[in-house]
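This briefing is intended for a reader who is meeting the structure for the first time. Please look over the sequence and the structure below before turning to the notes that follow.

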Amino acid sequence: MLIMSVVRRAVMRTGRIVVQPCVEVRAARGVFAGPIKRLFPLVSFTQTRSWCSDGPVVDRAEARLNRLDGEDKGIVEVLMCRERARNSLGRVFVGQMRELVSSLHHDAAVRVVVFRSLIPGVFCAGADLKERAQMSNPEAELFVHGLRSLMNDIAALPMPTIAAVDGFALGGGLELALACDLRTAAHSAQMGLIETTRGLLPGAGGSQRLPRTVGFAIAKELIFTGRRVGGERAAELGLVNRSVPQNQTGDAAHKEALSLAREILPQAPIAVRMAKVAMNRGSEVDISSGMAIEGMCYARLIPTRDRQEGMAAFIEKRPPRYTGE
């Protein structure tokens with residue numbers, strides 16, 4: 001009875017088909033709520049730009065969405081373009097990222113999300129140390145709390161997410177990639193949780209997600225030493241799913257991420273989302289509870305039109321046409 005109660009709460013927290021309700025920093029509970037609002041300004045994204053703006057801070061687009069169309073409809077890219085600071089995690093950048101991720105949580109039309117950088121040679125350089133140096137100790141603690149919440153929100157997106165690492169992903173940059181379900185990297189990319197070289201530890205989920213990705217012994221070695229690894233070594237360790245040689249345009253990992261996204265795109269979207277729930281939630285509990293979570297997720301798929309379409313397509317020997325219903 002107790003196990004089933006825990007399982008029901010675990011699945012019910014997903015709310016409809018999504019993994020869990022969006023845990024927005026602006027909705028943080030308790031004493032953190034007010035201070036975090038001041039640390040992360042809310043920014044409107046009604047405009048669409050194809051470049052990085054040098055305008056006033058409130059208008060500067062340091063991150064934006066790109067919705068693909070045609071045969072790629074359903075793939076959405078989160079474009080990071082804080083050019084002057086190599087996509088480092090500053091207040092404005094984090095605030096804009098938080099708004100973009102929040103807008104994706106309940107968008108049923110989105111089937112895959114790809115996080116990529118528009119800055120050549122860098123995915124995300126990690127903390128904005130110049131900005132961080134101006135913070136008091138309490139402000140720095142609150143900022144990292146909000147940064148951790150952003151990474152949790154990315155991890156909680158209901159659809160598959162892919163990080164395309166075409167350059168440096170250090171500290172918080174690698175933590176952002178680790179918050180995604182899948183990762184592609186160029187051979188020339190450099191990845192590492194280097195916080196111990198700065199007198200810190202990974203504070204935005206890295207100390208928890210890296211061991212769950214590569215195993216505890218390897219994670220401890222990488223974090224204790226602050227070591228950086230290239231794309232090929234990252235693939236060997238299981239840190240990334242695919243590693244490819246860099247191309248002349250510097251976007252090989254992005255192209256590989258799109259290739260992976262296109263493999264996911266034709267599959268039944270509700271089934272893919274429920275599979276993500278089953279794996280994510282199941283990995284947090286014992287195997288018996290995990291089996292129960294799997295069963296509850298499976299039960300959600302039985303009455304869907306997509307399941308009926310999949311069976312009909314198999315019988316009629318034709319490609320299925322899934323609608324997400």
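Arg86 is partly exposed, with a relative accessible area of 40%. The model in which this residue is seen is a predicted one. The protein contains 13 helices and 10 strands, and buried residues account for 52% of its 325 residues. Of the contacts between residues at least 6 apart in sequence, 69% join residues at least 24 apart.

**The loop between strand 2 and helix 3**

- Arg86 belongs to the loop that runs between strand 2 and helix 3.
- The phi angle of Arg86 is near 55°, which is a positive value in a residue other than glycine.
- Most residues other than glycine have a negative phi.
- Ser88 is placed in the loop between strand 2 (75-80) and helix 3 (91-104).
- Ser88 counts as buried because its relative accessible area is 4%, and buried means under 20%.
- Apart from neighbours within four places in sequence, Ser88 contacts Arg82, Phe93, Gly126, Ala127 and Asp128.

**Nonpolar cores**

- In soluble globular proteins, nonpolar side chains tend to be buried together.
- The largest nonpolar core has 50 residues, of which Phe115, Phe123, Met191 and Leu239 touch the most other members.
- A second, separate core of 13 residues includes Val112, Val114, Ile264 and Leu265.
- Beyond its neighbours within four places in sequence, Phe115 is in contact with several residues, among them Val78, Met97, Val101, Phe123, Ile154, Leu157 and Cys180.

**Helix 7 and helix 8**

- Two packed helices are described by the angle between their axes and the distance between the axes.
- Helix 7 (residues 206-214) packs against helix 8 (residues 216-225) at an angle of about 135°, and their axes are 7 Å apart.
- Helix 7 is therefore oblique to helix 8.
- The crossing of helix 7 with helix 8 is right-handed.
- Helix 7 contributes Gly206, Ser207, Leu210, Pro211 and Val214 to the contact, while helix 8 contributes Phe216, Ile218, Ala219, Leu222 and Ile223.
- Sorted by class, the residues in the contact of helix 7 with helix 8 are eight nonpolar, two polar and no charged.

**Helix 11 and helix 12**

- The axes of helix 11 (residues 269-282) and helix 12 (residues 287-301) come within 9 Å of each other and cross at roughly 165°.
- Helix 11 is therefore roughly antiparallel to helix 12, as angles over 145 degrees are counted in that way.
- Helix 11 and helix 12 have a right-handed crossing.
- On the side of helix 11, the residues that meet helix 12 are Ile270, Ala271, Met274, Val277, Ala278, Arg281 and Gly282.
- Their counterparts in helix 12 are Gly290, Ile293, Glu294, Cys297, Arg300 and Leu301.
- The contact of helix 11 with helix 12 comprises eight nonpolar, two polar and three charged residues.

**Exposed positions**

- Thr249 is placed in the loop between strand 10 (242-244) and helix 10 (252-264).
- Thr249 counts as exposed because its relative accessibility is 61%, and exposed means over 50%.
- Although 129 residues separate Thr249 from Pro120 in sequence, the two are 8.8 Å apart in space, C-alpha to C-alpha.
- Lys317 is found in the segment after helix 13 (305-316).
- With a relative accessibility of 79%, Lys317 counts as exposed.
- The phi angle of Lys317 is near 55°, a positive value in a residue other than glycine.

Key:
Residues numbered from 1 in each chain as written. Predicted model: local features only at pLDDT ≥ 70, side-chain atom pairs only at ≥ 80, totals over all residues. Heavy atoms only, no water. Axes fitted to C-alpha atoms, helices over the stretch in contact; angles between N-to-C directions. Helix = DSSP H or I, 4+ residues; strand = E, 2+ residues; numbered from the N terminus. Parallel < 35°, antiparallel > 145°, perpendicular 65-115°, else oblique. Left-handed = near helix turned anticlockwise from the far one by under 90°. Contact = heavy atoms within 4.5 Å. Nonpolar A, V, L, I, M, F, W, Y, C, P; charged D, E, K, R; others polar. Buried < 20%, exposed > 50% of the residue type's maximum accessible area, 1.4 Å probe, protein only. Core = buried A, V, L, I, M, F, W, Y, C linked by side-chain atoms within 4.5 Å.
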